[in-house]
Amino acid sequence: MRALLLIDIQNGFCPGGNLPVPEGDAVVPVANRLVNDGPYDLIVASQDWHPANHGSFASQHEGKKPFEMGELSGKPQIMWPDHCVQGTADADFHPDLDLEKIDYIQQKGENPAVDSYSAFRDNDQAAVTGLAGYLKAQLVTELDICGLATDYCVKFSALDAREMLPDIKVRFIEDASRGIQEADVKAAIEQMRAAGVSICRSADILAD
Ligand code: VGL
Ligand code: ZN
């Protein structure tokens, strides 16, 4: 079973959103091509889904501004702008993303006391989301990952996929992803590669 995992292709991470990733919306047509013309048996999407009082928001910390370093539950935490609040348009998937073929949506980031970059588990690794169990139950053997943002949620999802599902082949689709900081994207790709994630482009997959 081959699965595609679309990470956080939401309004909040696209231009005009509350935590915009440069060119974030450029991943949408590529993701749609992979969904419609790719070799996948299963399509999964993750959705950053925060309560309004989430502790990763600078607004919840006296005197903190977005993108400063702060603390959450005693651990270092980047202070993000309020983003992807449950039930708001910012948390909706990009309106041009084809949702009909999505088999499973994994929401994450609901616990206000911990951030959850990975679609598989919280950053403190204490609680899992259920996505690894779902992919195992579906007998997935190959998992391709792309979306937003390469240097945060895509990277941590790919690393957790390698760690929690060691028998599954994991690939990162570079042109179907965008990151927040260019230097961090380069480092993220090297970190994924070192963890056994293959790096590919959508054309390689669509040509198969
Ligand atoms: C993300 C920062 C905060 C992401 C989510 O989807 O990469 N980044 N929440
Ligand atoms: Zn978030």
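Trainee: Which residues are buried in H3?
Mentor: In H3, the buried ones are Thr150, Asp151, Tyr152, Cys153, Val154, Lys155, Phe156, Ser157, Ala158, Leu159, Asp160 and Ala161. Buried means 20 or more other C-beta atoms within 10 Å of the residue's own; exposed means 12 or fewer, partly exposed lies in between, and C-beta atoms are placed from the backbone. Helices (H or I, at least four residues) and strands (E, at least two) are DSSP runs, numbered from the N terminus.

Trainee: What should I know about the model and numbering?
Mentor: This is a predicted model: local features need pLDDT of at least 70, side-chain atom pairs count only at pLDDT 80 or more, and totals for chains, interfaces and linings use all residues. Residues are numbered from 1 along each chain as its sequence is written, while chains are lettered from A and ligands numbered from 1 in the order in which they are written.

Trainee: Back to H3. How many of its 15 residues are buried?
Mentor: Twelve of them, so helix H3 (residues 150–164) is mostly covered by the definition of buried.

Trainee: What covers them?
Mentor: The cover includes strands S1 (2–7), S6 (142–148) and S7 (169–178), along with helix H4 (182–194). Contact here means C-beta atoms, placed from the backbone, within 7 Å. H3 lies across S1, S6 and S7, at about 165 degrees to S6. Angles run from 0 to 180 degrees between N-to-C directions, with axes as lines fitted to C-alpha atoms, for helices over the stretch in contact.

Trainee: Why does Phe156 count as buried?
Mentor: Because Phe156 has 22 C-beta neighbours inside 10 Å. Phe156 touches Tyr117 and Ser118, leaving aside residues up to four places away in sequence. Phe156 and Phe120 are 36 residues apart in sequence, yet their C-alpha atoms are 8.7 Å apart.

Trainee: Switching to the ligand. Which residues surround ligand 1?
Mentor: Asp8, Phe13, Asp48, Trp80, Tyr117, Leu148, Ala149, Tyr152 and Cys153. A residue counts if its C-beta atom, placed from the backbone, lies within 6 Å.

Trainee: How does that shell divide?
Mentor: Seven nonpolar, no polar, two charged. Ala, Val, Leu, Ile, Met, Phe, Trp, Tyr, Cys and Pro count as nonpolar, Asp, Glu, Lys and Arg as charged, and the others, Gly among them, as polar.

Trainee: What is the peptide bond from Leu148 to Ala149?
Mentor: That bond is cis, with omega near -15 degrees. Ala149 sits in the loop between S6 and H3.

Trainee: Now the sheet. What is the order of the strands?
Mentor: Six strands form an open sheet, S5-S2-S1-S6-S7-S8, with parallel pairing. S5 (104–108) and S8 (198–200) stand at the edges with a single partner strand each, so one side of each has no neighbour in the sheet. The twist averages 25 degrees from one strand to the next. A pair needs at least two DSSP bridges.

Trainee: How many bridges join S2 to S5?
Mentor: Five join S2 (residues 42–48) to S5. Asp48 stands opposite Lys108 in S5. Asp48 is also one of the residues around ligand 1.

Terms used. Two residues are in contact if their C-beta atoms, placed from the backbone, lie within 7 Å.
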